[in-house]
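The sequence and the model are shown first.

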Amino acid sequence: MLRYIYADQLDQFPRLKESMFRDRADQFSTRLGWEVSVNEDGHERDDYDDMNPLYVIWETPEGLHGGSMRFLPTTGRTMVNDHFVHLTDGVEIRSPFIWECTRFCLSRNAESRVAGALMVACGEVMRGFSLAHMVGVFDARMVRIYRMIGASPDVLGTLGKGRGAISVGLWAYEQAEPEKVFSRAGIAPELSEMWFERSLGFPIRQAARAA
């Protein structure tokens, strides 16, 4: 199932929290070899985890992390503006209608549908918080995944070639293919809405007012 959890609520879900940060270390440090910070507990964390982001986490039947994404409004600090503005020709992306999604992470044993489920959640966050776009930084391996799911972004800029390429992408809600994304994830829209409401305490249609 999908859970929507703010950082200051993570301690209520200790197994999810522990396994998410460990899986992030495994993916970004061990498997991809990125220069990320892994603490003595084996957790991959950065400054943006201290800014009370909203996490979307796929919870396995065992109560562990299967995959996750992290969301922050672009009206505050974001990775794309702090570290990747050279990929957008020096133009900062800031708008109350654009959030940043980062740290797309899948556990080693994640089901194939988990990637699709995370993109379902991305669409629900956009719909629920009345967002027009999501912006994010992604590497070359994600191009195929996004295309397969039916959620390819508009690429604003790319540095490098081949497997080493890094891009900034913009996802527009009106350009999404929700039927394909839901089908790929194997999730009924009604169930997705229930997970959103159960986590955040209000229906999607009320989320913009609650925010």
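Predicted model: local features only at pLDDT ≥ 70, side-chain atom pairs only at ≥ 80, totals over all residues.

## Helix H4

Helix H4 spans residues 141–149, and its buried residues are Met142, Ile145, Tyr146 and Ile149. Viewed down the helix axis, these buried residues fall within an arc of 95°, so they line one face of H4. The face turned away from the buried side carries the exposed residues Arg144 and Arg147.

Several elements pack against the buried residues of H4: strands S4 (98–106), S5 (133–139) and S7 (166–172), together with helices H3 (114–128) and H5 (178–185). After H4 comes Gly150, which has a positive phi near 95°.

## The crossing of H3 and H4

The axes of H3 and H4 come within 10 Å and cross at roughly 75°. An angle of 65 to 115 degrees counts as roughly perpendicular, and the two helices are therefore described as roughly perpendicular to each other. H3 contributes Ala115, Gly116 and Met119 to the contact, while H4 contributes Ile145, Tyr146 and Ile149. By class, this contact has five nonpolar residues, one polar residue and no charged residues.

## Nonpolar cores

The largest nonpolar core has 40 residues, of which Leu2, Tyr4, Phe71, Phe104, Met119, Val125 and Met134 touch the most other members. H3 gives the most to this core, with 10 residues. Apart from this core lies another, of 11 residues, among them Leu72, Met79, Leu87 and Ile93.

Beyond its neighbours within four places in sequence, Tyr4 is in contact with residues including Leu54, Val56, Ala121, Val125, Trp195 and Leu200.

Definitions and conventions: Residues numbered from 1 in each chain as written. Heavy atoms only, no water. Buried < 20%, exposed > 50% of the residue type's maximum accessible area, 1.4 Å probe, protein only. Helix = DSSP H or I, 4+ residues; strand = E, 2+ residues; numbered from the N terminus. Arc of directions from axis to C-beta. Contact = heavy atoms within 4.5 Å. Axes fitted to C-alpha atoms, helices over the stretch in contact; angles between N-to-C directions. Parallel < 35°, antiparallel > 145°, perpendicular 65-115°, else oblique. Nonpolar A, V, L, I, M, F, W, Y, C, P; charged D, E, K, R; others polar. Core = buried A, V, L, I, M, F, W, Y, C linked by side-chain atoms within 4.5 Å.
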